Amino acid sequence: ETHRAVETMATVWFRMLTANDRFFEAVAMGLDDYGRQLSEAELYMTEALLTVQLRKTKFKAELLKSLRSLGIFGTLIFEEPWVKRLNVDGSTYFEGTGMQLRPLISTAFDANAIDLEFSDFMSTIDYPTTWKLKAWAMQDPEVWDRSVIERKLSEVDYSSNGSIKTDTGAYNRIMERKQRAGYNFSDKNIKELITRHGKVDPNNSVVGGYWESEGRTDDPANFDFTMSILEGDSPCRFHITQYGTWHSKFKSAHYKSFELESIGYGIGRLSKRHQKELDITTSRMHDLLLQSLYGMYKLGRYAGIKPNQMQIKPFNVVELEDVDQLQKMGTDVNAIVQALAVQAAMREELRGTTGASSNLQAILTKASATEASLTQTEAIRAASVHAEIISETLIRDHLEQMHINNLNNLDSEIWVSVAGEDVPRPVSKNNLPRNIGFEVRTTTDKDFRPERQQMLLKGIEL
């Protein structure tokens, strides 16, 4: 039942967030670089560019997976890496901002913060392959220390725990979870890479030396720094975080959040007791049914019968010394009916607690949007509220970050079709408008008003 609740809420949120053919709209937030008003063609060009990038980076698939994690755990954290795809000759044919879900089991933050947004840092734990580490160092040699990576990769250890020497415990938890899912691992030479994005001591000599080498004169205390440690003892990367804050690399969302807690409550925690009771009740019903099907008997010592005489065959006759010594063990099969009724009540309680109730659907109404929002069912109202919050804290923030990254990193042109123009237009950071915001076109039951559309059509006909 927990799986059903998670899948129900994830798909409902997904459909509310992406029901429109283009689920976002670019809006002008100022003038262009020459003091002129932004044209509709520029806004549509920006929308078309983001649509292409969302499709190329498989945004919808990652969004649905993220919403499942949000439903079960109550919080999701995803990273926004800059994705590049190369041709055979090494030239870039596509680049854009991706969306990569980060498991909570391998993510660290300030637990004293009242919300993830107020955490001073965000850390991730990865277990990259040897070739991935070498590729990272070769692609960006200015920030990676290749000598440290080569030295650590030369230290081969095929013990039972691999080469993991840190005490984070993340590796064991991840392996245990994967093995329960049926995965087998033969390569034990695993390297653990811990990356931290956040505030550091500005008086540290390393920070001072780096700041001086960059020719910076501003205060490093106002910026976040990114540092990576390989195997817990070898720093292999250190630089200022993208745009000076870890919020430009990570986004988060919550399902049911409460005060003083950094992460929210998910269906897994909310339904834990109910799911346990459902499992116990189902197991007891199966035991009772199995006992009634097996046909067990009570046999007295003086019945004068051997167990091998109790065989099912045509016209079989069983002789007994005392018929009262053989009695069938009675089972009340009607108890299964009562258990099913109790289980149905517990199932409805679980669905009501998690929000995945049986009547989670919009209702046809002639009321206005304001009236509909007040008269809708508890389940659909809760789903609509959470979908709107997710659209603000996750979808819109991601779109804004995509646009910012395009303004600074989109070197390769991407051709998009613009309404009113006969040929596609090339788009890069050189011709993108800057002062652009985004509105997410979330679809809730307030928008499900076919009666209103029929009245508008009648009015047009008149």
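Q: Why is Lys 256 called partly exposed in this predicted model?
A: Its relative accessible area is 24%. Buried would need a value under 20%, and exposed one over 50%, so 24% puts Lys 256 in between.

Q: Where does Lys 256 sit, and which residues is it in contact with beyond its neighbours within four places in sequence?
A: You'll find Lys 256 in the loop that runs between β11 (250–254) and α8 (267–270). With those neighbours left aside, its contacts are Gly 264, Tyr 265, Leu 270, Thr 353 and His 386. As for Ile 267, eleven residues along in sequence, the C-alpha to C-alpha distance from Lys 256 is 9.3 Å.

Q: Why can the buried residues of α5 be said to line one face of the helix?
A: The buried ones in α5 (residues 146–153) are Val 148, Ile 149, Lys 152 and Leu 153. Look down the axis of α5 and these fall within an arc of 125°, so they line one face. In general, an α-helix has 3.6 residues a turn, so residues three or four places apart point the same way.

Q: What covers the buried residues of α5?
A: The cover includes α4 (130–139), β9 (225–230) and β10 (234–240).

Q: Which residues have the most contacts inside the largest nonpolar core, and which element gives the largest share?
A: This core has 39 residues, and Trp 13, Leu 63, Leu 67, Leu 394, Ile 395 and Leu 399 have the most contacts inside it. Elements giving two or more residues include α3 (59–73), β1 (24–28) and α12 (378–409). The largest share, nine residues, is from α1.

Q: Which residues does Ile 395 touch, apart from those up to four places away in sequence?
A: Ile 395 touches Leu 17, Phe 23, Phe 59, Leu 63, Ile 390 and Val 440.

Q: Which residues are included in the second, separate core?
A: Among its twelve residues are Leu 49, Leu 407, Val 416 and Val 427.

Technical notes
Residues numbered from 1 in each chain as written. Predicted model: local features only at pLDDT ≥ 70, side-chain atom pairs only at ≥ 80, totals over all residues. Heavy atoms only, no water. Buried < 20%, exposed > 50% of the residue type's maximum accessible area, 1.4 Å probe, protein only. Contact = heavy atoms within 4.5 Å. Arc of directions from axis to C-beta. Core = buried A, V, L, I, M, F, W, Y, C linked by side-chain atoms within 4.5 Å.
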